[in-house]
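Open the model in your viewer and keep the selection panel handy. We will go from stop to stop, with something to select at each one.

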Amino acid sequence: MTYPNWFESTIAKENFERNLLPLADKEIKCLQIGAYTGDATKWMVDNILKHPHSFLVDVDTWEGSDEPIHHNMNWKDVYKTYEEKNAEALADNKVLTMEMTSDRYFAGIGDEQIFDFIYVDGDHTAFAVLRDGSNAYDKLKVGGILAFDDYGWSMGKGDFYDPRYAIDALCHLLVGKVEKIEDNYQLWLRKIV
């Protein structure tokens, strides 16, 4: 089955190119919350995970969500598509897959695990995005980048179901601790404190 490639069809790829390509030769640790079919994963492997010790951790349940577009997807096939698309990187341990919720992942990693880039594109409900953003900020090194996908997206069911309100609240709470580097369909932040 063919699945939508939201990474290519939105501004995501442009934001990745503009902000992440300068990291290509550096040793970096990346975390992605919500990997879907692995389009962003593939881009990171092909373009920025060039250093031999650079890696990406992909966290996803591969069970979908309450979003109407997810209801008719075969999530076992979505995961299979992800694995096929990124087979070489998975075999080389360039990409580590964690099939679990982001809450469980963050609860299980130690204080020493700090990332250079974290991409939040998991559960889109405001409460989940607020938790993911807060946890991500805590696990991001100073100077690191925290990117939120779907800042401009709405499910149309009210504030609780949209990421924007959580991202705005987090930005308000982090005034003086982050700087905005992208503000379009996505919101990208650099941690300064």
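Predicted model: local features only at pLDDT ≥ 70, side-chain atom pairs only at ≥ 80, totals over all residues.

Select K180 and D183 to begin: their side chains meet in a salt bridge, 3.8 Å from N to O. A salt bridge here is a side-chain nitrogen of Lys or Arg within 4 Å of a carboxyl oxygen of Asp or Glu. K180 is partly exposed, with a relative accessible area of 48%, and D183 is partly exposed, with a relative accessible area of 48%. Buried means under 20% relative accessible area, exposed means over 50%, and partly exposed lies in between (1.4 Å probe, protein chains only). D183 is found in strand 6; helices (H or I, at least four residues) and strands (E, at least two) are DSSP runs, numbered from the N terminus.

Residues are numbered from 1 along each chain as its sequence is written, and side-chain values use heavy atoms, with hydrogens and water left out.

How many salt bridges does the structure hold? There are eleven. Next, select D116 and K141, whose side chains form a salt bridge at 2.8 Å, N to O. D116 lies in strand 4 and K141 in strand 5, so this pair ties together parts that are 25 residues apart in sequence. D116 counts as buried at 11% relative accessibility, whereas K141, at 38%, counts as partly exposed.

Now move to E84 and K80, a salt bridge whose closest N and O atoms are 3.9 Å apart. Both residues lie in helix 4 (residues 75-85), four residues apart, about one turn of the helix. E84 counts as exposed at 53% relative accessibility, and K80 is partly exposed with a relative accessible area of 46%.

**Two helices with buried sides**

Colour helix 2 (residues 12-20) and show A12, N15, F16, N19 and L20, which are buried. They cover an arc of only 100 degrees around the axis, which puts them on the same side of helix 2; the arc is that of the directions from the helix axis to the C-beta atoms. What do the buried residues of helix 2 pack against? Their partners are helix 1 (6-9), helix 3 (39-47), strand 4 (115-120), strand 5 (140-148), strand 6 (178-183) and strand 7 (187-191), where contact means heavy atoms within 4.5 Å.

Go on to helix 8 (residues 163-173), where P163, A166, I167, L170 and C171 are buried. Their arc around the axis is only 135 degrees, which puts them on the same side of helix 8. Turn to the other side of helix 8 and you find H172 and L173 exposed. The cover over the buried residues of helix 8 includes helix 7, strand 5, strand 6 and strand 7.

On a 1 Å grid over the protein atoms alone, a cavity is a set of points where a 1.4 Å probe fits but cannot get out, and a pocket is an open set with protein on both sides within 12 Å along at least five of seven lines; lining residues have an atom within 4 Å of a point. Grid points are joined across faces, edges and corners, and a volume is the space filled by probe spheres set on the points.

The largest pocket holds about 880 Å³ of space. Of the 44 residues that line the largest pocket, select the closest to its centre: E67, H70, D121, G122 and H124. Helix 7 gives the most to this lining, with three residues.

A search of the whole structure finds one cavity of 30 Å³ or more. The largest cavity has about 40 Å³ of space, and its lining includes V120, D123, F148, P163 and I167.

**Two loop residues**

Finish with W62, in the loop between strand 2 and helix 4. Phi of W62 is near 50 degrees, a positive value in a residue other than glycine, and W62 counts as buried at 4% relative accessibility. Then select D150, in the loop between strand 5 and helix 8. D150 is not a glycine, yet has a positive phi of about 60 degrees; at 9% relative accessibility, D150 counts as buried.
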